[in-house]
Amino acid sequence: MKLLTHNLLSSHVPGLRPGGGFPLRIELGRPSELPPEPSPGYEADEEFLRRLHHVLLEVEVLEGSLQCPDSGRRFPISRGVPNLLLSEDEA
Amino acid sequence: MKKLKLKELESCLQQVDTFENPKLLLEQYPTRPHIAACMLYTIHNTFDDIENKTIADLGCGCGMLSIGSAMLGAGFCVGLDIDADALEIFNSNIEDFELTNVNMVQCDICSLSDSMSDTFDTVIMNPPFGTKHNKGIDMIFLKTALQMAKTAVYSLHKTSTRQHIQKKAAEWEVKMEVLAELRFDLPASYKFHKKKSVDIEVDFIRFSAKKVLN
């Protein structure tokens, strides 16, 4: 799962408030290599753009989980594929 | 990006691995390379809805349409399917084709509703038709696709449902254009069927996601 894909996903656990399912928290071992906020003028910062491109499109999360911000429900990621299937009682 | 000819695209898509044990209840069958190539070629050349665009493939199965889109220069493709086995084959296809801009998500399209509104430029899909105890699933896929897409949805639907779809399209205020009428030969579902395959008439349709603009 690339970071760009993660950006498109949100939790669809029933009963959340609008927008309550986004963004899903990525849980993995490794800390991020990016600063928490882009600094002003980041468009011109080649080094930052290179690292941003790398993290968005070249890093793949293979194993981990995505946590719904409101409900806390975890969706597993295995072999690079996030599994957003809800169980029978949830849907 | 080298301009790919229709015949080249079709012959590349013939290399896509397909279902080993298709699950009947999920209506699993591969979109034929010829049909996929013609669809994608039209979407790309007539409407310019593939190159550098973000694309979702709902009910992607083994990824025929996603892979074809990537080959025509899509910016980023995401395939969505409920079945882990199909996605595994899709994954190995992505490795074989050495594609770097294709990802996949396992989920049930029917339970997404509008949680992914306006997330993709284009949705391209060959959805289940609703022939296996899942009547109405084609319209659920279509509605979700229209919510997800910013510009257009390209989909295949049984010609026999055309009027019903036209009614729904009007209700949802989306423009609908039947781009082509195709004939699918679907493999026989049950052992006792006499014919080896069944021919059904299918419409290839373009829906504009936002009314008025396109």
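**Exercise 1. Describe how helices α2(B) and α3(B) of this predicted model pack.**

Solution. Start with the handedness: α2(B) passes α3(B) in a right-handed crossing. A crossing is right-handed if the near helix is turned clockwise from the far one by less than a right angle, and left-handed if anticlockwise. Helices (H or I, at least four residues) and strands (E, at least two) are DSSP runs, numbered from the N terminus.

Next, take the geometry. Helix α2 of chain B covers residues 33–45 and helix α3 of chain B residues 64–71; their axes come within 10 Å and cross at roughly 45°. That angle makes α2(B) oblique to α3(B). Axes are lines fitted to C-alpha atoms, for helices over the stretch in contact, with angles from 0 to 180 degrees between N-to-C directions. Angles under 35 degrees count as roughly parallel, over 145 as roughly antiparallel, 65 to 115 as roughly perpendicular, and the rest as oblique.

Last, list the residues. From α2(B), B:Pro33, B:Ala36, B:Met39 and B:Leu40 meet B:Met64, B:Leu65, B:Gly68 and B:Ser69 of α3(B), where contact means heavy atoms within 4.5 Å. By class, this contact of α2(B) with α3(B) has 6 nonpolar, 2 polar and no charged residues. Ala, Val, Leu, Ile, Met, Phe, Trp, Tyr, Cys and Pro count as nonpolar, Asp, Glu, Lys and Arg as charged, and the others, Gly among them, as polar.

The conventions are as follows. Residues are numbered from 1 along each chain as its sequence is written, and chains are lettered from A and ligands numbered from 1 in the order in which they are written. In this predicted model local features need pLDDT of at least 70 and side-chain atom pairs count only at pLDDT 80 or more, while totals for chains, interfaces and linings use all residues; side-chain values use heavy atoms, with hydrogens and water left out.

**Exercise 2. Characterise the interface of chain A and chain B.**

Solution. Count the residues: 18 of chain A are in contact with 20 of chain B. Then take the area: the two chains bury about 1500 Å² between them, 62% of it on carbon and sulfur atoms. Buried area is the accessible area (1.4 Å probe) that two parts lose on being put together, summed over both. In chain A, A:Leu8, A:His12 and A:Leu85 lose the most area to chain B, together 35% of what that side buries.

Finally, look for charge pairs. The rule finds 1 salt bridge across this interface, a salt bridge being a side-chain nitrogen of Lys or Arg within 4 Å of a carboxyl oxygen of Asp or Glu. The side chains of A:Arg79 and B:Glu88 meet in a salt bridge at 3.2 Å, N to O.

**Exercise 3. Locate the cis peptide bond at A:Pro23.**

Solution. The cis bond joins A:Phe22 and A:Pro23, with omega about -5°. A:Pro23 is found in the loop between α1 (3–8) and β1 (25–27) of chain A.
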